[in-house]
Amino acid sequence: MSDLDQLTQSLARNLKRWRKERGFTLDALAARAGVSRGMIIQIEQARTNPSVGTTVKLADALGVSITTLLDYEQGPQVRLVPPGQAVRMWSTSTGSHTTLLVGTEARGPLELWSWTLMPGDGSASDPHPDGTVELLHVTAGTLTLVVDGEDHPLPAGTSAVFEANVAHTYRNDGDEPAEMTMAVSIPPVR
């Protein structure tokens, strides 16, 4: 099978999978993406190779990356992320930092984070989409979680879960580094 044939088959399989996972009919996806129903049928049946523009529109409408739509892998997947490949997303000159450990887009994005906040540092977040939930576990120090203006001190060993569709902040008001592991579950695009 040529690379183009493999790409066509992958796109067909993945487009159909993500459309069904999102609960979209052919007509609903066509309306969201601005792509004709007939074109979507041809793509899902692996009868055409759409333009990059069409593929981008479909990925955007489904709320996934183009890479996810074109992924060649089949069957159960295990993706290992070695420490050197985890992504440092935020840091300060005093040593505070966050690292995105791993994420997935199955049934809506799900991310696992490692955080370190040095004394006196904090990080504020705007509200996330309705249905977003954050779970966290403090492994060292004391973290102050501020949700919708209310402070919640979390000493090491404490876990928390909250709906993150309101403004929230993570602060270290203590005198030693605060460390936590956090998972963020974002609802699928509907």
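**A working chat about this model**

Student: Where does His97 sit?
Tutor: His97 is placed in strand S2, which covers residues 97–104; helices (H or I, at least four residues) and strands (E, at least two) are DSSP runs, numbered from the N terminus. This is a predicted model, in which local features need pLDDT of at least 70 and side-chain atom pairs count only at pLDDT 80 or more, while totals for chains, interfaces and linings use all residues. Residues are numbered from 1 along each chain as its sequence is written, and side-chain values use heavy atoms, with hydrogens and water left out.

Student: OK, and is His97 buried or exposed?
Tutor: His97 counts as buried because its relative accessibility is 17%, where buried means under 20% relative accessible area, exposed means over 50% and partly exposed lies in between, using a 1.4 Å probe and protein chains only.

Student: What lies 3.0 Å from a polar atom of the His97 side chain?
Tutor: That is the backbone oxygen of Gly95. A polar contact is a pair of N or O atoms within 3.5 Å; within protein, one must be able to donate a hydrogen and the other to accept it, and residues adjacent in sequence count only if both atoms are side-chain atoms.

Student: Which residues does His97 touch, leaving out those up to four places away in sequence?
Tutor: His97 touches Arg88, Trp90, Ser91, Ser114, Trp115 and Thr116, with contact meaning heavy atoms within 4.5 Å. Thr99 also has its place in strand S2 and, beyond the residues up to four places away in sequence, touches Ala86, Val87, Arg88, Leu112, Trp113 and Ser114. Thr99 counts as buried because its relative accessibility is 12%.

Student: Switching to the helices, which residues of H2 are buried?
Tutor: In H2, residues 26–33, the buried ones are Leu26, Leu29, Ala30 and Ala33. They lie on the same side of H2 because they cover an arc of only 100° around the axis, the arc being that of the directions from the helix axis to the C-beta atoms.

Student: What do those buried residues pack against?
Tutor: The buried residues of H2 pack against helix H1 (3–22), helix H3 (37–44) and helix H4 (52–62). Just after H2, Gly34 takes a positive phi of about 70°.

Student: How do the axes of H1 and H3 cross?
Tutor: The two axes come within 7 Å and cross at roughly 120°; axes are lines fitted to C-alpha atoms, for helices over the stretch in contact, and angles run from 0 to 180 degrees between N-to-C directions. H1 and H3 are therefore oblique to each other, since angles under 35 degrees count as roughly parallel, over 145 as roughly antiparallel, 65 to 115 as roughly perpendicular and the rest as oblique. On H1 the contact is made by Leu11, Ala12, Leu15, Lys16 and Arg19, and on H3 by Ile40, Ile43 and Glu44.

Student: And Leu58, where is it found?
Tutor: Leu58 is found in helix H4 and is buried, with a relative accessible area of 1%. Not counting residues up to four places away in sequence, Leu58 touches Leu15, Leu29, Ala33, Val35, Ile40, Ile43 and Leu69. Its C-alpha atom is separated by 8.4 Å from that of Gly34, 24 residues apart along the chain.

Student: Last one, what is phi of Asp148?
Tutor: Phi of Asp148 is near 55°, a positive value in a residue other than glycine. Asp148 has its place in the loop between strand S6 (142–147) and strand S7 (150–155), and counts as exposed because its relative accessibility is 58%.
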